[in-house]
Every structure is written in structure tokens, then in C-alpha cells.
Amino acid sequence: MQSITVGVGPVSFEDVVRVARDGAPVSLADDALAAIDRARAVVDALAAGETPTYGVSTGFGALATRHIPTEMRAQLQRSLVRSHAAGSGPEVEREVVRALMLLRLSTLATGRTGVRRETAQLMADLLTHGITPVVREYGSLGCSGDLAPLSHCALALMGEGEVRDADGTLMPAADALAAAGLEPVELAAKEGLALINGTDGMLGMLVLAITDLRMLLRTADVAAAMSVEAQLGTDRVFAAELQDIRPHPGQALSAANLTALMAGSAIVASHRTGDCNRVQDAYSLRCSPQVHGAARDTVEHAATVAGRELASAIDNPVVVGDRVESNGNFHGAPVGYVLDFLAIVAADVASISERRTDRFLDRARSHGLPPFLASDPGVDSGHMIAQYTQASIVSELKRLAVPASVDSIPSSAMQEDHVSMGWNAARKLRRSVDGLSRVIAVEVLTAARALDLRDPLTPSPATGAVVDLLRSNGIAGPGPDRHLSPEIEAAVDLVQSGAVLAAAASVIGDLT
């Protein structure tokens with residue numbers, strides 16, 4: 001697998017995904033090594049001087065007023081990392097920890113932190129060898145960065161704490177390093193602080209969530225097209241001239257997708273006649289591009305923020321020229337806000353998806369479909385409880401949409417008296433994105449069943465390809481009740497893997 005090279009400039013979204021999810025190895029560029037060496041020379045000069053410098057020759061946080069003598073500075077760095085590796089709870093996912101480590105390495109490579117090249121190189125080596133420190137769910141306030149999660153990673157560089165190797169085996173960090181032929185580092189002045197003072201955990205989760213949501217929102221268009229089509233809705237409301245009247249870019253993209261997805265549908269053509277007495281469709285059908293489009297625009301705003309953060313050097317203090325300066329760039333507010341925005345997006349797109357699904361199940365609103373899409377209503381319940389599952393998830397997503405970033409609990413004896421809670425926002429967003437994918441999967445599953453029930457009328461080539469995908473993956477068409485949970489999980493896998501989107505795109509080309 002091709003290595004990701006980390007230089008002085010920012011890593012890309014694609015770099016983060018390849019390292020986090022695909023296990024790509026990592027190397028440091030020559031310009032990064034030169035920048036690291038220049039910054040380290042500044043720190044070494046300050047460490048040798050008599051004037052106290054925060055993070056170099058003093059304590060930290062509320063203990064910053066104490067000057068630390070030279071002979072105790074290595075112990076200062078060890079103590080910092082050990083004491084701050086205070087996370088609790090379940091292990092954080094491997095992809096999150098790898099993203100976090102890559103983004104911390106990217107900041108180290110800017111030459112703003114003052115670490116030594118061997119310390120930065122060891123972090124790259126851990127990524128390359130697939131050694132993943134154990135990071136716990138709870139511990140970060142998202143100010144002074146993700147201190148506890150990053151400290152668990154720094155601990156592994158010291159040969160302490162627990163890690164999982166490339167095969168996922170839990171073992172002491174020292175054993176994993178030795179097995180890979182790597183030596184732990186003894187942290188020098190400022191290095192401990194430089195390794196733990198960043199927004200890398202929340203930023204990594206933001207990048208991964210944006211990547212997933214970009215795919216899921218296009219998949220939501222596929223689901224909506226299937227629902228509008230199977231509920232005998234009109235595609236005329238998605239015309240470009242109507243979207244131009246309200247020029248939100250995401251709305252136009254979503255409407256264009258819906259139009260393309262429904263093109264060539266015999267079901268739509270069957271009621272595109274002068275004797276059709278339908279005046280207009282329900283909001284959940286007619287307003288799909290307005291909701292999906294607003295979600296898209298919010299995701300792209302979040303991507304703009306993430307791009308700025310990827311281009312940032314997050315540390316305190318930072319090396320500026322020949323001096324070290326304190327700053328507040330570690331505060332997670334910019335990232336925390338958009339993480340919360342995206343949880344709102346996930347909840348609302350799931351909400352409209354559930355409403356479209358529910359319309360299939362009520363014979364008063366489904367335009368000729370059997371109650372609950374059941375084979376023998378009364379004996380069979382059809383997809384009745386599949387909608388319950390959606391409703392349960394949507395309710396949870398609404399709770400998760402309550403912002404974390406409006407909260408703050410002071411810490412460090414009131415030195416850190418306003419924090420972002422961005423890590424918490426990121427953790428709940430991961431649950432939100434997973435929930436959204438499951439709600440969309442149930443809509444796709446239900447809409448496919450309804451399209452089959454419109455036989456002999458045929459769906460569009462694009463939506464028909466999605467129905468064929470489900471049927472070829474063990475999800476049967478209409479019939480007597482059967483164990484539904486495995487079919488839901490199979491549909492979830494097809495949504496989360498991008499297979500549903502790919503099936504539609506195989507007919508009409510990539511969705512916008």
C-alpha cells in the first residue's frame with residue numbers, strides 16, 4: 001500500500017481516511033524533518049537559558065508558575081503524560097485513534113511544536129506498523145485539546161500503557177514496540193506537552209463523519225426517489241427551474257439527483273396524465289431536496305472548518321521564529337460547533353426518511369398498497385415493526401442532536417475555565433451517523449418492497465438496480481412474514497458500504 005507522506009503542509013481528507021481506515025503506512029517528508037529540527041533548536045536554546053519558559057522549564061496549567069530545574073525536566077515530561085493518560089470507559093475505535101495520531105503528527109511536522117525528529121518518527125512508525133494505543137471513551141474536555149486521548153498515545157511512545165498490534169491483539173506497549181523493532185523515546189523538554197495539546201481527536205472524527213455523510217446524503221436521495229416513485233408521487237417538483245427560484249446549492253444537487261434517479265420510470269409515467277387528481281405530495285416527499293440540500297450545505301460548511309483545522313498547527317506554546325509563545329489555539333470551539341451542527345443534520349435527514357417510510361404502511365396514504373405492505377394483512381405484519389425500529393433510532397438521534405458545545409465545566413483550578421466539549425460532540429456524532437445509515441437502510445428496504453408490489457409497472461432503471469442489489473444479497477421480495485432483522489442488517493451493510501449508491505450510479509453515473 002502506498003505510503004502517506006506528511007510534510008509541513010496539511011494532510012487531506014483522503015489521507016486521513018486512508019491512514020485511519022485502510023491502514024496506510026506513514027512517512028515524514030524532508031521539509032517536515034528540517035522544520036522539526038529548526039524548531040527543536042529553538043527549544044533547546046530556551047531550555048538552556050535562565051529565563052523560565054512555559055512548557056519548557058515550567059509546570060503546566062495552574063502549576064505554570066513553578067520553575068523546573070534542568071535535572072527534573074525529563075521527569076516533568078514523563079509525569080505530564082502519565083498523569084494525563086487518565087481516560088476511562090470503553091476503547092475508542094481503531095480508526096479514530098489512527099486519525100488522531102496522524103493529525104498530531106501533521107502538527108508536529110509543521111515545525112511549531114519543538115519535538116525532536118526521533119519522537120515524530122516514532123509516531124509515524126507506530127502508524128506504519130499498525131500499533132494502536134488504547135484510548136478510552138471519556139476524559140477529554142476539548143480544551144487544551146484532547147489531552148487524555150492524546151496522552152494515551154504519547155504513553156505508548158514512551159513504551160508504557162497498552163496497545164493493540166496490527167492483528168488487534170492487546171499487549172503492553174513495550175512488547176509491541178520490541179516486536180516491531182522499535183525503541184521507545186525518553187521525552188525531552190516540551191515534548192510531552194507538544195504530544196498532547198491538540199484538537200486531533202475531535203478533528204479526526206469530524207473528517208471521518210463528513211466523509212460518511214457525503215455518501216449517506218446521496219444515498220438518502222436514492223431512498224427518497226424510491227419512496228416518491230413507489231408512493232405515486234410526482235417528479236415535477238424537482239425540476240431545475242423550481243430550484244433556481246431558491247438558489248441553495250445543496251438543494252439543487254439533491255433535486256437533480258432525484259430527477260435523474262426517477263427518469264424512465266413506468267410507475268411515474270402511469271400517473272403523469274391529465275386525469276390524475278393528486279394536487280401535491282406530502283412534505284416528506286415533496287420537500288426531500290430542501291431537507292437533504294440543507295444538510296449537504298451544512299456538511300460542506302463543516303468541511304470548510306475541517307480544512308482550516310487541517311491547515312493549523314495546534315499546540316501551546318508554539319515556536320514562532322526564535323521564541324516560544326503561549327496562545328489559545330487549542331480551544332476546540334470551531335470544531336465542536338460544526339460537530340454539533342452535523343448531529344442536527346443526521347437527526348433531521350433521518351426524521352424525514354422515517355416519515356417517508358411510514359407513509360408506505362398506512363393504506364389510507366399509500367395509494368393502493370396493502371396495509372403495512374403485508375402479504376396477508378392481519379395474519380402478517382409486513383414492515384410494521386421495521387418502522388418502529390426507525391422511530392426508535394430517530395428518537396435517539398434527536399436526543400443526540402442536543403449540542404455538547406454549549407456546555408462547559410471549569411478545570412485545572414479555574415485556569416481552564418471555559419472548555420469546548422468538542423470530543424463529546426464528536427463521540428455522539430459517530431452514533432448519529434451510524435443511526436442515520438440504519439434509518440436510510442430501512443427506507444430502502446421498505447421502498448424496494450413497495451416497488452415490487454407495483455408490478456406489472458416497473459421502476460426506473462436506477463431504482464430498479466437498487467431493488468436488484470437487495471434481491472441478489474439475500475433480501476427477498478414481498479411474501480409471508482419472515483425473520484426481518486437479518487434483512488435489515490443486510491440492508492444496513494449495503495448502505496454503509498456504499499453499495500446502494502453504487503448500484504444507482506451504475507445506471508445514471510455518479511450522483512452529485
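A: In this predicted model, the lining of the second largest pocket draws at least two residues from each of helix 9, helix 16 (384–400) and helix 17 (422–453). Helix 17 is the main contributor, supplying 7 residues. The lining has 20 residues in total, and those nearest the centre of the pocket are Arg427, Lys428, Arg430, Arg431 and Val433.

Spanning residues 200–230, helix 9 belongs to the account of the largest nonpolar core, which has 153 residues. The residues with the most contacts inside that core are Leu105, Leu126, Leu206, Ile210, Val222, Met226 and Val466. Helix 9 provides the largest share of the core, 20 residues. Beyond its neighbours within four places in sequence, Leu206 is in contact with Ala302, Ala306, Val335, Val338, Leu339 and Leu342. Another core, of 8 residues, lies apart from the largest one and includes Val42, Ala47, Val56 and Ala189.

As for covalent links between cysteines, a search of the whole structure finds 0 disulfides. Cys143 is in none, and the nearest cysteine sulfur, that of Cys153, is 19 Å away. Cys143 counts as buried because its relative accessible area is 7%, under the 20% cut-off. Cys287, at 23% relative accessibility, is partly exposed.

Conventions. Residues numbered from 1 in each chain as written. Predicted model: local features only at pLDDT ≥ 70, side-chain atom pairs only at ≥ 80, totals over all residues. Heavy atoms only, no water. Core = buried A, V, L, I, M, F, W, Y, C linked by side-chain atoms within 4.5 Å. Buried < 20%, exposed > 50% of the residue type's maximum accessible area, 1.4 Å probe, protein only. Helix = DSSP H or I, 4+ residues; strand = E, 2+ residues; numbered from the N terminus. Contact = heavy atoms within 4.5 Å. Disulfide = S-S within 2.5 Å. 1 Å grid on protein atoms, 1.4 Å probe; cavity = no way out; pocket = protein on both sides within 12 Å on 5 of 7 lines; lining within 4 Å.
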